[in-house]
Amino acid sequence: MKYSKKSDLFQLLVFLAPAILFFALMKIIPFFMGMYYSFTDWNGISAVKTWVGFNNFIRLFQDEDFSNSFIFTAKYTVVVVIINNLLAFLLAFLLTRKIRFRNPVRTVIFMPNVIGGILLGFIWLFIFTRGFPTVGKLTDLAFFNLPWLGTENTAFWGIIIVSVWQFVGYLMVIYVAGILSVPHELIEAADMDGATSLQKVWHIILPLIMPVITVCMFLTLSTSFKVFDVIYSLTKGGPFRSTEPVALNIYTEAFGRNNMGLGSAKAFIFFVIVALLTLLQVWFTKRKEVE
Amino acid sequence: MIFKGRWFLELLAIVIAILFLIPFYFILVNSVKSFGDIIMDGASWPKAFMWVNYVRVWETINFPRAFWNSLVVTVFSVAGMAIISAMAAYRIVRRPTVFSKVILFLFVSAMVIPFQSIMIPLVQVANGLNMLNSHVGLIFIYWGLGVPLSVFLFQGFIKTIPIELEEAAVIDGCSPYGVFWKVVFPLLKPVTVTVIILQSLWVWNDFLLPSLILQNTDLRTIPLANFSFFSEYTKQWDLGLAGLVMSITPLLIFFLFMQKHIIDGITGGSIKG
């Protein structure tokens, strides 16, 4: 296709400029502004931003709450990645068998995912603080009588329960697609050779859905590391900031205490870590695909 | 034996489904109780149905207003980002110059920037452009933030469209814009549906960005409006739960109708992503 040079330039503008303009304005410029802020002592209100060099970065490495929020986020991420993927695969495996009601059950398991994190957190805030205690009184089961959001340990597992309820259906849907793409002949051949279900999963299904597993691991990893909404409405980071994810720590620093400079420095470190994690994951995925 | 095994699996599936539904039971049942009854017994069937909770929520948070706000923001945000992303992706794929490759690389790599890393200066940018407390401002921000993923999904799909169709249209005297709108865009329907669904769920449910941009209560979206029932010290459970049910119901209805597309969108989007 050939057009004149002038009209070509104009087309370039029409097709590409809107996307580039908004993308630059809302993502790239803020990104670099944030890098600049992280070297200042800006409080968000005054017009004066004094350059403080690496002071903020030195401060945040001594900030115990910040490192604790990283430890919490890492723990949360590891647990969520393992539990969610394991459960999602098992659910997908169960719900790709020839059983009745499998479609409605899939629908029900996926349903929580369309509800946003904030509302989802409130649902469980109610269940943990009002629902479970009454069930506990009726049944005398220790599980329901735990102070669910009251102690550091139970709050952690409470958040895990909510995260599983929210996200396992999403992953299950992807695993279902993966399992269904495994060629039928392979399973039938294995059946003829008398393979057990476990052998079929281990030797046929798992190796063949390796790309799906990597995608699901990546999805859980990147969303868990950035978790904010659910925890904000469920525990607000408590008790005693024990369930404060990094995203919430940054938010509180910037908009709760008006330390925009320090908050920006935290946000920058957060970016570096998320970017490294993502790159590592992509590198890992690529390596798996070559094999 | 096989028959027995299947029974067990079906029972297991049903038990799992019930486990997933229990939270909905709790909020539904309690949304029609008085505050006292909720505190007394949060599990039993309501003694009296307090439909008045719903009426009060409707009025206190001005539910129709919040719903309308969410609708306006979601529709314009998603429509805008879909259009500008489709156009950009088309250009990038069909004219693979160094420039367009660099742009695509920038879009894709910007996906690793978490929102929290840009939110502080983003509020500044919005302030500078007079976009605080404005739906238009919020919508423009969603355009900028939604472009990377959308462009990425579109360009993957456009690569699979045979270029011959476009060449034929050009020979028939179609302008470059006509080629895009009349030939290419209709062919993009499957991926457009994916983009619309993935981004709609994000925008509709988003909390943090609207909370930073919209302070005026008349402008607030559904997640923000609901938040007011759950302030730190006084949890108005009776209203809060009715509000939750009202906010969740339209979403679940949307989901039940669009189920097939949503599932396709997620599997398609994630396997390409």
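Guide: Helices H3(A) and H7(A) are oblique to each other (under 35 degrees is roughly parallel, over 145 roughly antiparallel, 65 to 115 roughly perpendicular, the rest oblique). This follows from their axes, which cross at roughly 45 degrees and come within 7 Å (lines fitted to C-alpha atoms over the stretch in contact, with angles from 0 to 180 degrees between N-to-C directions). Helix H3 of chain A covers residues 64-94, while helix H7 of chain A covers residues 152-180 (helices are DSSP runs of at least four H or I residues, strands of at least two E residues, numbered from the N terminus). The model is predicted: local features need pLDDT of at least 70 and side-chain atom pairs 80 or more, while totals for chains, interfaces and linings use all residues. Residues are numbered from 1 along each chain, chains are lettered from A and ligands numbered from 1, as written, and side-chain values use heavy atoms, without hydrogens and water.

Helix H3 of chain A also contributes to a charged pair. Asp65(A), in this helix, is joined with Arg241(A) across 176 residues of sequence. The two form a salt bridge in which the closest N and O atoms are 2.8 Å apart (a side-chain nitrogen of Lys or Arg within 4 Å of a carboxyl oxygen of Asp or Glu). Asp65(A) is partly exposed, since its relative accessible area is 32% (buried is under 20%, exposed over 50%, partly exposed in between, with a 1.4 Å probe and protein chains only). Arg241(A), with a relative accessible area of 28%, is partly exposed.

Ten salt bridges are found over all chains of the structure. Among the charged residues of chain A, Asp63(A), Glu253(A), Arg257(A) and Lys266(A) are linked in a network of salt bridges. Another bridge joins Asp191(A) to Lys200(A), whose closest N and O atoms are 2.7 Å apart. Lys200(A) is buried because its relative accessible area is 15%, whereas Asp191(A) counts as partly exposed at 39% relative accessibility.

Arg94(B) and Glu166(B) form a salt bridge, with 2.9 Å between the closest N and O atoms. Arg94(B) is in helix H4 (residues 63-94) of chain B and Glu166(B) in helix H8 (residues 164-171) of chain B, so the bridge ties together parts that lie 72 residues apart in sequence. Glu166(B) counts as buried because its relative accessibility is 1%. Arg94(B), with a relative accessible area of 16%, is buried.

Phe54(A) stands in the loop between H1 and helix H2 (55-62) of chain A. Phe54(A) and Ala265(A) are 211 residues apart along the chain, yet their C-alpha atoms are separated by 9.2 Å. Because its relative accessibility is 58%, Phe54(A) counts as exposed. Leu13(A), by contrast, lies in helix H1 (residues 5-37) of chain A. From Leu13(A) to Ile209(A) the separation is 196 residues in sequence and 42 Å in space, taken from C-alpha to C-alpha. Leu13(A) is exposed, since its relative accessible area is 51%.
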